[in-house]
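Trainee: Could you walk me through reading a model like this one, feature by feature?
Mentor: Happy to. Let's look at it together.

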Amino acid sequence: MFTPLKEAGYFARQHAQPLLIIALLLTLPIWLVDAMLEAPAADAKPDLSDLLLMLFYASLGVVQFAAGMFYIHGQVQKQPISTGRAISLGLSRLGPLLLINLLMALAVSTGLMLLVLPGLYLAYKLLFCEFLLLFHGHSVWQSLRGSFRLNRELSNKLLPSLVLWVAIVAMVSVLQQVLLEGDGPTLLVRLVFEPLLLIISVLGWALLYRLYQCFIAPQLPAPVYPLAVQDNNDQGLVESSQSHDPDDHPDKHPTPPSAAPSDDNLTIDSDVDPESDPNTDQSRGSNNNPDQPTDRKEP
């Protein structure tokens, strides 16, 4: 039931450093801005500066998520990329990501205002729209429709790990808020809980990609943007997180006889079977033919 979460945790541990670098690089500006700005008054009305600040935070958030997904995608597809390249790819999709997140936020918030449950349902149905936008070249509208359709009848496979991860995030966030409102040292609480929430966020990236890889990607063609791949979903998070020998060569790991060839990597076998080659049979039998002349002298 919780196997995807366990596999995501294993992958996140193996690639903790680059993923945390991506998370920290795009979270640090938010921390610095929050530290420099004074808390607004409770009755203060939002102005243009507040809207720009919200846009800045939203931009960093969507680029951070996209960069994390691109990095994980490259590792899983055996085309690893650097953290800088992952962030660059995320920035290149900033506009569509902002638009799709805005539409998602409007839909989910409207559902929450109605009866709460419709909002939660829409949040679940639109969970994978960003993957379609990032990896499959879909438009914003196609991504929203595709995500709504593709996770149909998958709730028993998707929800257990997701609900557990959301419960962990909620528990840590509530505990942080309670301690911040208490008499304890505020700086110490932030130094402890902010990195902890960052680690949990990285685990969430790996979990979402694992769920996409297991249950959504098999229903789609191979990813087309921006990483060209040949074999779709053949390598899991667990396999990709294992260390690779730089001298590793395909000949060292022959394909088992029972393995079927990949449809995306069709090859023609041009090797001649030595048992069916008459020249080979003749050369093999030359040493065993009693009528064959030899250089040995008879006594």
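Trainee: Which helix is V192 found in, and is V192 buried, partly exposed or exposed?
Mentor: V192 is found in helix α10. With a relative accessibility of 46%, V192 counts as partly exposed, because that class lies between 20% and 50%. Do keep in mind that this is a predicted model.

Trainee: Is Q176 buried or exposed, and which residues does Q176 touch?
Mentor: Q176 is buried: its relative accessible area is 8%. Leaving out residues up to four places away in sequence, Q176 touches V189, F193, E194 and L197.

Trainee: What about the other C-alpha pairs, say the one with F11 and L207?
Mentor: Those two are 196 residues apart along the chain, and their C-alpha atoms are separated by 9.2 Å. F11 is found in helix α1, residues 3-14, and is buried at a relative accessible area of 0%. Another pair is T110 and L122, which are 12 residues apart in sequence and 9.7 Å apart in space, C-alpha to C-alpha. T110 is found in helix α5 and counts as partly exposed at 40% relative accessibility.

Trainee: Can we zoom out to the whole chain? How many helices and strands does the secondary structure come to?
Mentor: There are 12 helices and 0 strands, so reading along the sequence gives the pattern α-α-α-α-α-α-α-α-α-α-α-α. The protein chain has 299 residues, and 34% of them count as buried. As for contacts with a separation of 6 or more, residues 24 or more positions apart account for 74% of them.

Trainee: How do I describe two helices that pack together?
Mentor: Two packed helices are described by the angle between their axes and the distance between the axes. Take helix α2 (residues 16-36) and helix α3 (residues 48-76): they pack at an angle of about 175°, and their axes are 9 Å apart. That makes α2 roughly antiparallel to α3, since angles over 145 degrees count that way.

Trainee: Which residues in α2 and α3 meet?
Mentor: On the α2 side you have P18, L19, I22, A23, L26, T27, P29, I30, V33 and D34, and they meet L53, F56, Y57, L60, V63, Q64, A67, G68, Y71 and I72 in α3. By class, the residues of this contact divide into 16 nonpolar, 3 polar and 1 charged.

Trainee: And how do I go about pockets?
Mentor: Rolling a probe the size of a water molecule over the atoms shows where empty space is left. Here the largest pocket has a volume of about 1,200 Å³. Its lining is made up of 35 residues, with F65, L127, W165, W205 and L208 lying nearest the centre. The elements that give two or more residues to the lining are α2, α3, α5 (94-115), α6 (117-125), α9 and α10 (186-216).

Trainee: Which element gives the most to the lining of the largest pocket, and how does that lining split by class?
Mentor: α10 gives the most, with 9 residues. The lining has 26 nonpolar, 7 polar and 2 charged residues.

Trainee: Last topic: what should I look for in the backbone angles?
Mentor: Most residues other than glycine have a negative phi, and most peptide bonds are trans. K78 is not a glycine, yet has a positive phi of about 60°. V116 is not a glycine either, and has a positive phi of about 70°.

Trainee: Where are K78 and V116 found?
Mentor: K78 has its place in the loop between α3 and α4 (83-92), whereas V116 is found in the loop between α5 and α6.

Trainee: And are K78 and V116 buried, partly exposed or exposed?
Mentor: K78 counts as partly exposed, at 37% relative accessibility. V116 is partly exposed too, with a relative accessible area of 44%.

Technical notes:
Residues are numbered from 1 along each chain as its sequence is written. This is a predicted model: local features need pLDDT of at least 70, side-chain atom pairs count only at pLDDT 80 or more; totals for chains, interfaces and linings use all residues. Side-chain values use heavy atoms; hydrogens and water are left out. Buried means under 20% relative accessible area, exposed over 50%, partly exposed in between (1.4 Å probe, protein chains only). Contact means heavy atoms within 4.5 Å. Axes are lines fitted to C-alpha atoms, for helices over the stretch in contact, and angles run from 0 to 180 degrees between N-to-C directions. Helices (H or I, at least four residues) and strands (E, at least two) are DSSP runs, numbered from the N terminus. Angles under 35 degrees count as roughly parallel, over 145 as roughly antiparallel, 65 to 115 as roughly perpendicular and the rest as oblique. Ala, Val, Leu, Ile, Met, Phe, Trp, Tyr, Cys and Pro count as nonpolar, Asp, Glu, Lys and Arg as charged, and the others, Gly among them, as polar. On a 1 Å grid over the protein atoms alone, a cavity is a set of points where a 1.4 Å probe fits but cannot get out, and a pocket is an open set with protein on both sides within 12 Å along at least five of seven lines; lining residues have an atom within 4 Å of a point. Grid points are joined across faces, edges and corners, and a volume is the space filled by probe spheres set on the points.
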